[in-house]
Amino acid sequence: MSTVLDTTRVPVVDVIVMGAGPAGAEAALTATAQGLTVMLFDEQPQAGGQVWRAPAGGFPGKADADAAAGDGLRARIEASSIRVAFGHRVWSVVRQVAADPAAPRFRVDAVGPGGNLSAQARFLVVATGAHERVVPFPGWTLPGVMGLAAATILLKSHGIAPGRRVVLAGCGPLLVAVAAGLVGAGVEVCAIADLARPWDWLARLPAVLGRPVLAARGGAWTVRALRSSARLLPGHNVLRAEGNKTLERVVLGPVDHDGRAQPGPTHAFDVDALIVGHGLTTACEVTRILRAAHRFSRLYGGWIPEVDQDFETTVPGLFAIGDGAGVRGQQLASLAGKRVGLTLQARVGAVSAGWAEVATEAIDRQMARARPFSDAMSGLMAQRVGQVASIAPETIVCRCEDLTRAEIDAAVDQCAGSIDQLKHLTRCGMGPCQGRYCGDTVQELMATRLAKPREGIGQWTGRPPLRPVSLAEVMGAFAYDDIPIPKPAPL
Amino acid sequence: MTVPLFFVPSGTVRVTVDGQECSLPEGMMLAPALMSLGYRSLRESPRAGAPRGAFCLMGACQECVIHVDGTLRQACMTPVQEDMQIELRGPR
């Protein structure tokens, strides 16, 4: 078996969708409803993305609105003719040049429990979601410090508490949601530090009240958090985390509206877990590796692919939707997925262009109604420049390579003028996380130091593999006799 | 410090962690399963040798990469199976 080397046997479908969260799953379901052949990849074992993540490993799950929505989505996928490749890690995405416009333009290679899986398609929909942003502070690499999204996964998917005594810190709706979840689960929450102040939330009340269902949910979370014994500290952030081998103590202190540390009384708590998140950043590595054009949007989580009204990027046939194309939340992600599915139906001629236009206009109106709420939440989660500026010189910024801010500043002062040059000089972004957890911070540090816009610093050049994979997995099982040997060139 | 589970696992299996025998809930991902026994530090960072543990739990940050049966695996994406030989020594 030499499936890796034999390109003739790679299956061809109409559409490949990467990411089975709300956006990707909806795109796949809509496209397949009109008979398009669709292959849906996700590295997690089940669909749902992070927001509707399925319970795993024997945990029956907790019955709530997210669980119901996720179960509904998974049931629809089960009943559809989508070819699913869950538990598969896509490591390569290639654009294929062909004269025939109907020829497959994209090839995707993944590894999964059963070995290699490859596919080719005319259209590629990227719905790869977001990562958590944690702006560095001393001690953030200690075991016991983890993201807000990580705590959500532990609570909702694995059925385990992130710690016995915890402090929560960060910003945005996820902070409130995790606080309510932990309090509800009976975990001792010592303190909740919000970068925002009550006024920042109140100013967004008109937009929030425009979505009564979501507003009611957020209100219930807030009430539960307020009723707990947790110390509420608005306008505060983590000053440092301390501990010998694991986290033992968290110190919180006041910050200004931009997250900049301010003089004032500090608060220390002895805890075994610190749950912290400062918003979300886009996972746009697929559109980056395919050299689509991107622009920087502080509101929507950083670098986002440029798309037209159909969510098509500057690479023909490549679509980008969901939080990976700009952090806007589940409602807009689901709608964008449905819209792309309709566009693809029309592109292959499964429905008339006129019908698709009417259907997409209806979705556009729904999206317009969802946008004020989404923008209000994005505003609370956007990167705060002052917070990044407050990072102390000895603080580790790149976790993989243990690089401090002082080392990054020194490389910038030496000659690094772009993010790729910084990588060459320091190895920043070269570790196994591939710059996912330091990129947003490092780019901002460089932009500030060089007094350049973020566009002038750029993104790291996209390179395969998209995720670390072992060579053994990629090679698979093969016999040397199976390797096709090309005929020698004539003498 | 151990961390409480919110459910009773249907079954546990024997594994070894750095040579020590222990039992973990079968099918649970390794990172939360190890947390439940109090294993917080999963490896040391290659440059500073500082302790590291699970951070993102969604397969992106690579902080929970450990040796399972001699192969590097992400503890947050690898389900517990019988007789797993787990080593918390990090990539070398």
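Strands β13(A) and β14 (residues 267–270) of chain A pair in the antiparallel sense over four bridges; here two strands pair if DSSP finds at least two bridges between them, and helices (H or I, at least four residues) and strands (E, at least two) are DSSP runs numbered from the N terminus. The model is predicted, so that local features need pLDDT of at least 70 and side-chain atom pairs count only at pLDDT 80 or more, whereas totals for chains, interfaces and linings use all residues. Residues are numbered from 1 along each chain as its sequence is written, and chains are lettered from A and ligands numbered from 1 in the order in which they are written.

Leu252(A) takes part in both pairings: Val238(A) stands opposite Leu252(A) in β13(A), and the bridge partner of Leu252(A) in β14(A) is His267(A). Together the strands make an open sheet of three strands in the order β12-β13-β14 (chain A), with antiparallel pairing. Because β12 and β14 of chain A stand at the edges, each with a single partner strand, one side of each is left without a neighbour in the sheet. Neighbouring strands of this sheet are turned by 25° against each other on average, direction ignored; axes are lines fitted to C-alpha atoms, for helices over the stretch in contact, and angles run from 0 to 180 degrees between N-to-C directions.

Chain B contains an open sheet of five strands, with the order β2-β1-β7-β5-β6 and mixed pairing. Its edges are held by β2 (20–25) and β6 of chain B, each with a single partner strand, so one side of each is left without a neighbour in the sheet. Four bridges connect strand β5 (residues 65–68) of chain B with β6(B) in the antiparallel sense, and in β6(B) the bridge partner of His67(B) is Leu72(B).

Helix packing in chain A is represented by α9 (residues 330–347) and α10 (residues 353–381), the axes of which come within 9 Å and cross at roughly 165°. The pair α9(A) and α10(A) is therefore roughly antiparallel (angles under 35 degrees count as roughly parallel, over 145 as roughly antiparallel, 65 to 115 as roughly perpendicular and the rest as oblique). The crossing of α9(A) and α10(A) is left-handed, that is, the near helix is turned anticlockwise from the far one by less than a right angle. Residues of α9(A) including Leu332(A), Leu335(A) and Leu342(A) meet residues of α10(A), among them Ala356(A), Ile363(A) and Met367(A). The residues of the contact of α9(A) with α10(A) divide into ten nonpolar, six polar and two charged; Ala, Val, Leu, Ile, Met, Phe, Trp, Tyr, Cys and Pro count as nonpolar, Asp, Glu, Lys and Arg as charged, and the others, Gly among them, as polar.

Between the chains, 38 residues of chain B are in contact with 37 residues of chain A, contact being defined by C-beta atoms, placed from the backbone, that lie within 7 Å. The elements α1 (30–36), β4 (51–52) and β6 (71–74) of chain B each supply at least two residues of the side of chain B that touches chain A. Of the side of chain B that touches chain A, α1(B) gives the most, with three residues. By class, this side of chain B has 25 nonpolar, nine polar and four charged residues.

The domain assignment of chain A, with bounds from an automatic or database source, gives domain 1 (7–131 + 281–378), domain 2 (134–278) and domain 3 (391–457). The C-alpha centres of domain 1 and domain 3 of chain A lie 31 Å apart. Four residues of domain 1 of chain A are in contact with five residues of domain 3 of chain A, and those on the domain 1 side divide into one nonpolar, three polar and no charged.

Two backbone features of chain A complete the description. Pro464(A) and Pro465(A) are joined by a cis peptide bond with omega of about -5°, and Pro465(A) lies in the loop between α15 (454–457) and α16 (471–475) of chain A. Asp402(A), a residue other than glycine, has a positive phi near 50° and is found in the loop between β20 (396–398) and β21 (403–404) of chain A.

Notes. Contact = placed C-beta atoms within 7 Å.
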